[in-house]
Amino acid sequence: MVNGEARTIDLEELDPSFKYEVSKEIGGQNIKLCFNCGICTVSCPVRRVDDTYNPRRIIRMVLYGMKKEILSDETIWKCAHCLTCLERCPQDVRFAEVIEALRILAVKEAEKGDIKIKGPQFRFDSIFKDSIESHGRVFEAGLLSKYILKRKDLGFMMSFASLGLKMFRKGKISLFPHKIKALNELQRVFKDSSQ
Amino acid sequence: MEISYYPGCSLESSAKEYQLSAETVCEQLGIELVEIEDWNCCGALEVSSLNSTLSLALVARNLKIASERSDKLVVACNACLNNLLAVQHKLSSNGELKQKISGILNYEFREIEIKHLLDLIWNEVGLENIGESVKKELKGLKTVSYYGCLSVRPSKIIKSDDPDNPTHLDEIVSILGGEPLEFTSKTKCCGGGLLMTYRDTALKLTEQILTEAGQRGAQCILVTCPLCHMTLETLTNKVKTGPNRPKIPILYFTQLMGLSFGIEPKKLGLHKNLISPEAVINSIG
């Protein structure tokens, strides 16, 4: 159940071609091989501590064609990428990669304005990617301060401020980014990869 | 022995102690780590959710640089290792992807040998040679080896000794004179990928790992990855461990090796650990 609410599936709202769309994405190729054994879910560490997260349910929703519902569901952003599901799946569905395919499709739908992405992970990932595009390597201090400011959560901000100070005193925070020499070339790779 | 090396972004800032101790210990073992020229961030766990072509190309640029220099690459960070191996596997098994990425990077793809620093030390230096460098025996120091996820899974492309219960690090600790303890959390997830976003989840996962380490009587947790180190260290304070239980120091495996080689703690970056490793240093004497 997503957020504890089960409801009847409305067949009119389903998109039967959605599973093909997912299987065309890198990482989504094997989704149709799922035979619903549920080992992804019983071996998932996130599932164990957060019962809103359910890999088997996510796969079923894709196979049923519940496109809009699953792409706008926050749970697709909760995978910790531990790869236990990928290791254990007897059908090689590669769920940890399926989830990446779903996120990529969610971003596309969000860009079209068809859905809204929920939760903080997308924002964090985007700032992370921008940091690489600007410097070639991740600039931790810049990335984290940008993310924390955008999150607008005072408690969160305070807990990271004290950690940041501690790390600064230990000389573990670089105040300036390391720019790679071939930054222009790398930025061209960003452009060419986005076409 | 000179070897091409990919440190990864964390080792330049939040995991400086890993960089320092890796270089110092390798030098002692006769290995010179040579950073590959002008490498870039591999995208960690973040880029693959946004743009799959880019996430392949970022890793492939590093593969390109490494393969132009040598047939072999050693990696310090579990997440970087996983990305490099996964992308190499994707490019070698999918002609269409290979063509696309080669085109973007002007890169003639060829496979190289990619391994974790721990793997290099265990396999190519060997326990016997490690033993010869020991100057201060660990006097039965009780350790648990925490591998995390990304240096053992998926076992199809990452050849560790055992994806559920790897023992190479334990074997190294034994040679150093320590006592590696059984640890069922060895390859369980600390939630590091969610540290900045779903902290409650990360905290609950980390709590299970730290609790087991405490119950087993570990004096030290050994890690092989900067993301695990960051997660375990920063969340230690948030875990309710009972009033009298000391915080367990979390060391990079190279830091502990260095101590047993008689290397000065400062050269191993031990002053940079957030949880004081004082008790470990003192117990070795």
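Visitor: Into which domains is chain B divided?

Guide: This is a predicted model, in which local features need pLDDT of at least 70, side-chain atom pairs count only at pLDDT 80 or more, and totals for chains, interfaces and linings use all residues. Residues are numbered from 1 along each chain as its sequence is written, while chains are lettered from A and ligands numbered from 1 in the order in which they are written. Domain bounds come from an automatic or database domain assignment. On that basis, chain B is divided into domain 1 (2-117) and domain 2 (134-284).

Visitor: Which helix gives the largest share of the side of domain 1 of chain B that touches domain 2 of chain B?

Guide: The C-alpha centres of the two domains of chain B lie 24 Å apart. Their contact (C-beta atoms, placed from the backbone, within 7 Å) takes 23 residues from domain 1 and 25 residues from domain 2. On the side of domain 1, α1 (16-28) and α3 (78-93) of chain B each supply at least two residues; helices here are DSSP runs of H or I with at least four residues, numbered from the N terminus, and strands are runs of E with at least two. The largest share, nine residues, comes from α1(B).

Visitor: How many helices and strands does chain A have?

Guide: Read along the sequence, chain A follows the pattern α-α-α-α-α-α-α-α-α-α-α. The C-alpha atoms of chain A fill a box of roughly 55 × 40 × 35 Å, taken along the principal axes. The secondary structure of chain A comes to 11 helices and zero strands.

Visitor: Which element of chain A gives the largest share of the side that touches chain B?

Guide: In this interface, 50 residues of chain A are in contact with 44 residues of chain B. Elements that give two or more residues to the side of chain A include α7 (95-112), α8 (121-135) and α11 (183-193) of chain A. The largest share, seven residues, comes from α8(A).

Visitor: Against which helices do the buried residues of α11(A) pack?

Guide: In α11(A), the buried residues are A:Leu186, A:Val189 and A:Ser193. They cover an arc of only 50° around the axis, which puts them on the same side of α11(A). The face turned away from that buried side carries the exposed residues A:Asn184 and A:Lys191. The buried residues of α11(A) pack against α2 (52-69) and α4 (95-105) of chain B.

Visitor: How many residues does the largest nonpolar core have?

Guide: A nonpolar core is a set of buried Ala, Val, Leu, Ile, Met, Phe, Trp, Tyr and Cys residues joined through C-beta atoms within 7 Å. Among the residues with the most contacts inside the largest core are A:Phe95 and B:Leu84. Leaving aside its neighbours within four places in sequence, B:Leu84 is in contact with residues including B:Cys42, B:Val59 and B:Ile114. The largest nonpolar core has 145 residues.

Technical notes
Buried ≥ 20, exposed ≤ 12 C-beta atoms within 10 Å, placed from the backbone. Contact = placed C-beta atoms within 7 Å. Arc of directions from axis to C-beta.
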